[in-house]
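Here's a quick briefing for anyone opening this structure for the first time.

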Amino acid sequence: MNHLVMVLIAAVGTYLTRVSFIAFGEHLRVVPPRVEVMLSMIPPAVLSAIAATSLLLGDDGLRGLDEWHVAALVSGLVAWKTKNVALCILAGMAVVWTVGV
Amino acid sequence: MLAGIRRILPFTVIAGPFGLIYGVTAAENGVDTFAAVIASFTIMGGAAQIALVELIGDGSSWFVAVSTAIVINLRFALYSATLAGSFADFPRVWRFTLAWAMTDQASMVAIQEYEREHDPFYRRWFFIGGGIFFAIPWWIGSTLGVLVGGEIGPGWQLPFAVPATFIALLVPSLTSRPKIIAGVVGGGVAVSLHGIPSGLNIILGAFAGIAAGTWATERTGRVEVAV
């Protein structure tokens, strides 16, 4: 399919997600507790599914251990200790640059 | 508006390079240049855009590629729900425009600020300031990346920035036992389903993680009530 059409479908889906609760405006000041719990599970579940896929899966099945996994551990530690996105990425990149050379 | 800009500045440092990574990834996966640039203005979500262009490059079906991008962006529903109460005081046009400028960073900064500042006029200008000033380096970086493309050599190890970004966002989100369960199940299911089309494993892993985390929360909730 045309790449532009794919981008636009993804954009519409993303916009609808963004506007979802906001669109209800004054009719929805309180989100039901159960929905709130489900929503709060989205970041850990989605982010971990993506991170695990890119770290552990290669083109055909499981990916062997390499400098990426060392770097991922370092990134994880830095993220845990500092909660700083830029620092976490830079620390990981520094490891792949050093170990990968 | 100035306050919003000031608060978002520490995050804008990462928006430019991250945009560059997206742009280069798009170019290397043979994504149409115009479509790749437009994505940064319309989808405006780096993680989803990177997944989308990688799946296009892998030759996945358009449905899987588009659905994966949308599932990755489902987290915006969380910000939408959190911000809905504050946004309710804004004129309709503002609500629907600000929704477009919603990024992880702009939302998190605004959610914190709204705890202190209650004036709707201040609140909406704060959001537009943070939203736009985070987006500008993202637009510049990604456009540059798409145009420069393959000129950036493999020695830079840019692809590692993709998992690194997700780790950077994931680790701080693991603030409770149920959320850790959501993460473990989400990642575990996604990896164990590696035989199925790429992208689909992320969607199924994500839903499994959300279900497991919700179940774990409700279970502990009942236990607390019983005690």
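## Charges and rings at a glance

Counted over all chains, there are five salt bridges here. Keep in mind that this is a predicted model. Aromatic rings get their own tour below, with 12 aromatic pairs over all chains.

**Salt bridges**

- Side chains of opposite charge can pair when their charged atoms come close.
- Start with Glu218(B) and Arg34(A), whose side chains meet in a salt bridge at 2.8 Å, N to O. This pair joins two chains, because Glu218(B) lies in helix H11 (residues 200-226) of chain B and Arg34(A) in helix H2 of chain A. Glu218(B) is partly exposed at 23% relative accessibility, while Arg34(A), at 52%, counts as exposed.
- Over in chain B, Arg75(B) forms a salt bridge with Asp104(B), and their closest N and O atoms are 2.7 Å apart. That pair links distant parts of the chain: Arg75(B) is in helix H5 (residues 75-87) and Asp104(B) in helix H7 (residues 104-114), 29 residues apart. Arg75(B) is buried, with a relative accessible area of 5%, and Asp104(B) counts as buried at 8%.
- Asp66(A) and Arg63(A) also meet through their side chains in a salt bridge (2.8 Å, N to O). Asp66(A) is partly exposed at 27% relative accessibility, and Arg63(A) is partly exposed at 27%.
- For a network of salt bridges, look at Arg7(B), Glu113(B) and Arg116(B), which are linked in one.

**A negative patch**

- On the surface, Asp59(A), Asp60(A), Glu54(B) and Asp58(B) gather in a patch of negative charge.
- Asp59(A) sits in the loop between helix H2 (33-56) and helix H3 (67-82) of chain A. Its relative accessibility is 85%, so Asp59(A) counts as exposed.

**Aromatic pairs**

- Among the 12 aromatic pairs, Phe18(B) and Trp138(B) make a tilted one, with 5.9 Å centre to centre and 40° between the planes. The two come from distant parts of the chain, 120 residues apart: Phe18(B) is in helix H1 (residues 2-28) of chain B and Trp138(B) in helix H8 (residues 120-148) of chain B. Both Phe18(B) and Trp138(B) are buried.
- Trp62(B) and Phe63(B) pair up edge-to-face, at 5.8 Å centre to centre and 90° between the planes. Trp62(B) is partly exposed, with 36% relative accessible area, and Phe63(B) is exposed, with 53%.
- Phe18(B) and Trp138(B) also belong to one aromatic cluster with Tyr22(B).

Conventions. Residues numbered from 1 in each chain as written. Chains lettered and ligands numbered in written order. Predicted model: local features only at pLDDT ≥ 70, side-chain atom pairs only at ≥ 80, totals over all residues. Heavy atoms only, no water. Patch = residues over 30% accessible without salt bridge, like charges linked within 9 Å, V, L, I, M, F, W, Y side chains within 5 Å. Areas by Shrake-Rupley, 256 points an atom, 1.4 Å probe, with all protein chains shown as cover. Salt bridge = Lys/Arg side-chain N within 4 Å of Asp/Glu carboxyl O. Lys, Arg positive; Asp, Glu negative; His and termini not counted. Charge placed at Lys NZ, Arg CZ, Asp CG, Glu CD. Helix = DSSP H or I, 4+ residues; strand = E, 2+ residues; numbered from the N terminus. Buried < 20%, exposed > 50% of the residue type's maximum accessible area, 1.4 Å probe, protein only. Phe/Tyr/Trp six-rings, centres within 6.5 Å; stacked < 30°, edge-to-face > 60°.
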